[in-house]
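Keep the viewer open as you read.

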Amino acid sequence: MKRVTGIGGIFFKAKDAPSLQAWYKRHLGIDVQVWGGAAFNWTDGEGKPVAGTTAWLITPQTSNQFAPSSASFMVNYRVEDLHGLVKALKEEGCHVLDKIEESEYGIFGWVMDPEGNKVELWQPPAGQ
């Protein structure tokens, strides 16, 4: 079974999220949307779109999105078989959070790494 196949997103907290979002938009040209982040659509070597997106988000420092981690960031990793990977991680003794979410955006699960960082695992919908 393949485990991680790529990075689906990078999320981090900021003391002043709106100001930092504006900075990234102005100085780095990131198309920050009203939800606080941007979606980078994947392209091939010629710039033609291919299936896949990487999300990027700046969230307020007070957000509990990364709980139970106290880290200021969370990485979302793409996986092919979330349920299979979660099962394998549990069998290997990893601290897997019990919650699994399924939505139109795919299937999400979480595991804590040995240093207490919350890691998001994401199985995208078919074709993405």
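**A charged pair to start from**

Glu80 and Lys2 join their side chains in a salt bridge, with 3.7 Å from N to O. Glu80 sits in the loop between strand E4 (73–79) and H2, while Lys2 belongs to the segment before E1, so this pair ties together parts that are 78 residues apart in sequence. Bear in mind that this is a predicted model. How open to the outside are the two partners? Glu80 has 48% relative accessibility, so it counts as partly exposed. Lys2, at 54%, counts as exposed. As a general point, side chains of opposite charge can pair when their charged atoms come close.

How many salt bridges are there by this rule? The count comes to five. Among them is the one between Glu46 and Lys48, at 3.3 Å from N to O. Glu46 is exposed, with a relative accessible area of 65%, and Lys48 is partly exposed at 48%. Another is formed by the side chains of Lys99 and Glu101, with an N to O distance of 2.8 Å. Glu101 is partly exposed, at 33% relative accessibility.

Now step back to the whole chain. It has two helices and eight strands, and from the N terminus on the elements run β-α-β-β-β-α-β-β-β-β. Taken along the principal axes, the C-alpha atoms fill a box of roughly 45 × 40 × 25 Å. Of the 128 residues in the protein chain, 40% are buried. If you look at contacts between residues at least 6 apart in sequence, 57% of them join residues at least 24 apart.

Next, a lysine to compare with those charged pairs. Lys13 is placed in strand E1 (residues 4–14). Lys13 is buried, yet it has no salt bridge. Where is the nearest side chain of opposite charge? That would be Glu120, and it is 13 Å away. The cut-off for a salt bridge is 4 Å between a side-chain nitrogen and a carboxyl oxygen, so a pair has to come within that distance to count.

Pro68 lies in the loop between E3 and E4.

Strand E3 (residues 49–60) is also where you'll find Thr54. Thr54 is buried, with a relative accessible area of 18%. Which groups does its side chain reach? One is the backbone oxygen of Ile7, at 3.3 Å. Another is the side chain of Trp42, joined to that of Thr54 by a polar contact of 2.8 Å. Leaving aside neighbours within four places in sequence, Thr54 is in contact with Ile7, Gly8, Gly9, Ala38, Ala39, Phe40 and Trp42.

On to the rings. The structure holds five aromatic pairs. One of them joins Trp23 and Tyr24 edge-to-face, with 5.1 Å centre to centre and 80° between the planes. Trp23 is partly exposed, with a relative accessible area of 41%. Trp23 and Tyr24 also belong to one aromatic cluster with Phe12 and Trp56.

Which residues make up the largest nonpolar core? There are ten: Val79, Leu82, Leu85, Val86, Leu89, Val96, Ile107, Val111, Val119 and Leu121. Helix H2 (82–91), strand E7 (106–112) and strand E8 (118–123) are the elements that give two or more residues to this core. H2 provides the largest share, with four residues. For a closer look at one member, take Val119. Beyond its neighbours within four places in sequence, Val119 is in contact with Val75, Tyr77, Gly109, Trp110, Val111 and Asp113. Val111, from that list, is itself one of the core residues.

Methods: Residues numbered from 1 in each chain as written. Predicted model: local features only at pLDDT ≥ 70, side-chain atom pairs only at ≥ 80, totals over all residues. Heavy atoms only, no water. Core = buried A, V, L, I, M, F, W, Y, C linked by side-chain atoms within 4.5 Å. Buried < 20%, exposed > 50% of the residue type's maximum accessible area, 1.4 Å probe, protein only. Contact = heavy atoms within 4.5 Å. Lys, Arg positive; Asp, Glu negative; His and termini not counted. Phe/Tyr/Trp six-rings, centres within 6.5 Å; stacked < 30°, edge-to-face > 60°. Polar contact = N/O pair within 3.5 Å; in protein donor to acceptor, adjacent residues only side chain to side chain.
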